[in-house]
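We will go from stop to stop, picking residues as we go.

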Amino acid sequence: MNTNYETLLFEVENDIATVTVNRPKALNALSEQVHTELNSLLREFKEANKDFSVAKGMILTGAEDKAFIAGADIKGMTTMTADEAEAFARLGQDNTLLFESLNIPVIACVNGYALGGGCEMAMSCDFIFATKTAVFGQPEVKLGLIPGFGGTQRLSKLVGRNRAKEITYSGRNVAVDEAKEIGLVVSIFESKEEMLAGAVTYLSKMMRNSPLAVYEAKRVMNEGNDLVVSEGLNVEAKAFGAIFNSEDMKEGTAAFVEKRKPVFTGK
């Protein structure tokens, strides 16, 4: 895989990939270059990791301590035409869909600001961990804009429609304690170092399970989120049946009967 990017850092250690948005002087704001490089990285990673050979979990974070991702790069947006702005939104949306479609669990580790596009990127991950300094929000209306990377769609699904409307219409900041209370954040940590270590521990526990089963659970839950319950149950039943053809299912059930630890291969 190509790991040479100007605005991103990428590393894999102990089967956990870490993607770091690396523009600390701009508070890791999402410029067109960041989105383009992130799109390239995620597409290449998704293809290379079909067999779980690159990583079995991922962390998304921002460089240094002031911001996870402070938002979109407003300075770069001031000269965009309407068509260019729509293309920019679609590129950002595509990145959120890529995070959702990865075959591994992804944790957003949020330190400092996660506003606008930063909040939207975090919401496309499976879980959000945060430090006590984390601040969330969709402040686009204060600039005469609306969220463009999925905020109008995902926030309501995570915290409820009316609360999402209140947060979006007001453009206010959401402190980390409130973010946890409303279900946006899973866990709060004292420092960035503790948060990253906690994410590694969390992912390591998940990685003891069948990676294929974890992926299928993720896929079915994400797909069912947009369906009525009866249709979602149909998706679940088909996936439940299909996974019976997997080696992981045979190994997992055999290990249970034989009272031993399973050895999963992701096949």
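Select Lys218 and Asp126. The two form a salt bridge, and their closest N and O atoms are 3.1 Å apart. Bear in mind that this is a predicted model. Now colour by element. Lys218 sits in helix α9, while Asp126 sits in the loop between α4 and β7, so this pair ties together parts 92 residues apart in sequence. Is Lys218 buried or exposed? Lys218 is buried, because its relative accessible area is 8% and the cut-off for buried is under 20%. Asp126, at 29%, counts as partly exposed.

The structure holds 15 salt bridges. Next, select Glu166 and Arg172. Their side chains meet in a salt bridge, at 2.8 Å from N to O. Glu166 is partly exposed at 35% relative accessibility. Arg172 is also partly exposed, at 23%. Glu166, Arg172 and Glu178 are linked in a network of salt bridges.

Move on to Glu258 and Arg260. Here the side chains form a salt bridge with an N to O distance of 2.6 Å. Glu258 has a relative accessible area of 49%, so it counts as partly exposed. Arg260 is partly exposed too, at 35%.

**The pocket**

Select Glu100, Met123, Cys125, Asn222 and Asn225. Of the 34 residues that line the largest pocket, these lie nearest its centre. Which elements give two or more residues to the lining? They are α3 (82-101), α4 (117-123), β7 (127-131), α5 and α9 (211-224). The volume of the largest pocket is about 850 Å³.

**The sheet**

Switch to cartoon view. Find the open sheet of 4 strands, in the order β4-β6-β8-β9, with mixed pairing. Its edge strands are β4 (67-69) and β9 (174-175), and each of them pairs on one side only. Strands of a sheet pair through backbone hydrogen bonds, either parallel or antiparallel. Zoom in on β8 (residues 135-137). Strands β8 and β9 run antiparallel and are joined by 2 bridges. What stands opposite Phe136 in β9? It is Val174.

**A buried charge**

Last stop: select Glu140, in the loop between β8 and α5 (151-159). Glu140 is buried but has no salt bridge. The nearest side chain of opposite charge is Lys142, 10 Å away. Now show what touches Glu140. Leaving aside neighbours within four places in sequence, its contacts are Gly116, Gly117, Glu120, Leu145, Ile146 and Pro147.

Notes:
Residues numbered from 1 in each chain as written. Predicted model: local features only at pLDDT ≥ 70, side-chain atom pairs only at ≥ 80, totals over all residues. Heavy atoms only, no water. Pairing = 2+ DSSP bridges. Buried < 20%, exposed > 50% of the residue type's maximum accessible area, 1.4 Å probe, protein only. Lys, Arg positive; Asp, Glu negative; His and termini not counted. Salt bridge = Lys/Arg side-chain N within 4 Å of Asp/Glu carboxyl O. Contact = heavy atoms within 4.5 Å. 1 Å grid on protein atoms, 1.4 Å probe; cavity = no way out; pocket = protein on both sides within 12 Å on 5 of 7 lines; lining within 4 Å. Points joined across faces, edges and corners; volume = space filled by probe spheres on them.
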